[in-house]
Amino acid sequence: MFERPQTGERAVLVHIEFDAERDREDLHEFVELVRSAGAEDVGLVTGSRHAPDPRYFVGSGKAEEVRDAVITSEAEVVIFDHALSPSQERNLERLLKCRVLDRTGLILDIFAQRARSHEGKLQVELAQLKHMSTRLVRGWTHLERQKGGIGLRGPGETQLETDRRLLAERIKQINRRLEKVRKQRNQGRQARKKAELPSVSLVGYTNAGKSTLFNRLTGAGVYSADQLFATLDPTLRRVELADGQGMILADTVGFIRHLPHDLVAAFHATLQEAAEADVLLHVVDAADDERDEYTAQVNAVLEEIGADEVPQIMVLNKIDLLEHAVPRVDEPRGDEPPRVWLSAQTGEGVEALLEYLGHYLAKDMVHGWIELEPAQGKARAILFEEGAVQQEQIDEHGNWRLEIRLPRRRYESLQRHHGLPETFVRA
């Protein structure tokens, strides 16, 4: 088998429509994925089939058409908008005499380019190794010979077995490292819970504008671009709301239809920010014709990671691209979540979102005056430590009158352990 070239920027794209609705991919999204990977689209081959061909995925006639397109355009790589089996990938590379990449490999390549943090790089490498391990058996026939040479003759192990063993060892090593990262993340989450700061996560289809909204709300300067998967590594910032209330806002990786299962598994630690949040801001591109379908795709991934029970606020972004759209808040109807219409790019409606978030999170807050006796100094000190005291007065008997504001569940905990009063007093 020929050696795979290390470069490949000129790409011929192959997009096939199947009868089954669940197997269909979006051509526009495919082109955007290729563009996000940095490849140059020099040809497009489309077609339709009832089912994939076991040998070439496409029929032999369509495979010849792809080969002609490769020769004509001098392409270095052919990218399929579908998942290919290892044998299909091998057969196509033999026929086309160039590198062949499927949808999973394309997404993995984009993720490899975008990962910045140590955790993100480990997660991408883990997904790549798992993907590669399925390609060792049939994709690399030249590895099936046994090692030779002095001291290596005899039963030995084949080069293929050696590579498979090394892959397995590296996967175990990465999993151990990621387990440490998960523990560190859990410690961070526990610390935030102890501080009783509500956690809000931005989720949504890739390129819906999550990072732009994150920057607008926090001024963090997180990288954002008009491309798929601009954000991979989660970023957390504190945001101040009305009445001195604060929250932790997390920006997460964008979702996409038919996201490779290995990636969902590898990015579990990252996606856990969404599963552990108090509320999700589900960002939707309001100007996209397929927004309802994309919303369903995001909800499907949320269900897969166990975040489907977390309350949502729908954020309809990019209203600056719609005619006659104005920033507004639609209250929830039935099972539908509340909707906030805004533009993260121009800032229209962002204040309304912050105001609504403040009211939404305040439902779980206790705010009022309590009276403590001098013997309850420890409870008073704890309330000050947690920043719950708004103002303080002392009466003629030495009792403290405190105006407090803190989450209800924390107040109930202090009631049980430090005897805080069940009733509030008038100021």
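Modeller: Just after H8, glycine 219 takes a positive phi of about 65 degrees. This is a predicted model, in which local features need pLDDT of at least 70, side-chain atom pairs count only at pLDDT 80 or more, and totals for chains, interfaces and linings use all residues. Residues are numbered from 1 along each chain as its sequence is written, and side-chain values use heavy atoms, leaving out hydrogens and water.

Colleague: What are the labels H and E?

Modeller: Helices (H or I, at least four residues) and strands (E, at least two) are DSSP runs, numbered from the N terminus. H8, for instance, covers residues 210-218.

Colleague: Where are phenylalanine 57 and histidine 324 found, and are they buried or exposed?

Modeller: Buried means under 20% relative accessible area and exposed over 50%, with partly exposed in between (1.4 Å probe, protein chains only). Phenylalanine 57 lies in the loop between E2 and helix H2 (60-73), and its relative accessible area of 4% makes it buried. Histidine 324 is in the loop between E9 and E10, where its 77% relative accessibility counts as exposed.

Colleague: How many residues of helix H3 are buried?

Modeller: In H3 (residues 86-96), 10 of the 11 residues are buried, so the helix is largely enclosed by the rest of the structure. Among them are Pro86, Leu92, Leu95 and Leu96, but also Glu89, Arg90 and Glu93.

Colleague: Which residues of H8 are buried, and what covers them?

Modeller: The buried residues in H8 are Lys210, Ser211, Leu213, Phe214, Asn215 and Leu217. Their cover includes E5, E6, E7, E8, E9 and helix H12 (350-362). Contact here means heavy atoms within 4.5 Å.

Colleague: What order do the strands of the open sheet have?

Modeller: Two strands pair if DSSP finds at least two bridges between them. This open sheet has seven strands in the order E6-E7-E5-E8-E9-E11-E10, and the pairing is mixed. At the edges are E6 (235-240) and E10 (328-330), each of which pairs on one side only. Neighbouring strands are turned by 25 degrees against each other on average, direction ignored. Inside the order, E8 (residues 279-285) and E9 (residues 312-317) run parallel and are joined by six bridges. Leucine 281 has isoleucine 313 in E9 as its bridge partner.

Colleague: Which helices lie across E8?

Modeller: H8 lies across E5 (199-204), E6, E7 (246-251), E8 and E9, and runs at about 155 degrees to E7. Helix H11 (residues 291-304) lies across E5, E8, E9 and E11 (339-341), running at about 150 degrees to E8. Axes are lines fitted to C-alpha atoms, for helices over the stretch in contact, and angles run from 0 to 180 degrees between N-to-C directions.

Colleague: Which strands does E1 pair with?

Modeller: E1 (residues 10-18) is mostly covered, with seven of its nine residues buried. Nine bridges join E1 to E2 (residues 40-49), and these two run parallel; valine 12 has glycine 43 in E2 as its bridge partner. E1 also pairs with E3 (residues 77-80) in the parallel sense, over four bridges. There, valine 14 stands opposite phenylalanine 80.

Colleague: At what angle do helices H4 and H5 pack?

Modeller: H4 (residues 103-114) and H5 (residues 118-133) pack at about 155 degrees, with their axes 10 Å apart. That makes H4 roughly antiparallel to H5. Angles under 35 degrees count as roughly parallel, over 145 as roughly antiparallel, 65 to 115 as roughly perpendicular and the rest as oblique. From H4, Thr104, Gly105, Leu108, Phe111 and Ala112 meet Val124, Ala127, Gln128 and His131 of H5. These residues divide into five nonpolar, four polar and no charged. Ala, Val, Leu, Ile, Met, Phe, Trp, Tyr, Cys and Pro count as nonpolar, Asp, Glu, Lys and Arg as charged, and the others, Gly among them, as polar.

Colleague: How do the axes of H1 and H4 cross?

Modeller: The axes of H1 (residues 27-37) and H4 come within 9 Å and cross at roughly 40 degrees. H1 is therefore oblique to H4. On the H1 side, the contact includes Phe30, Leu33 and Val34, and on the H4 side it includes Leu106, Ile107 and Ile110. By class, this contact of H1 with H4 has seven nonpolar, two polar and four charged residues.
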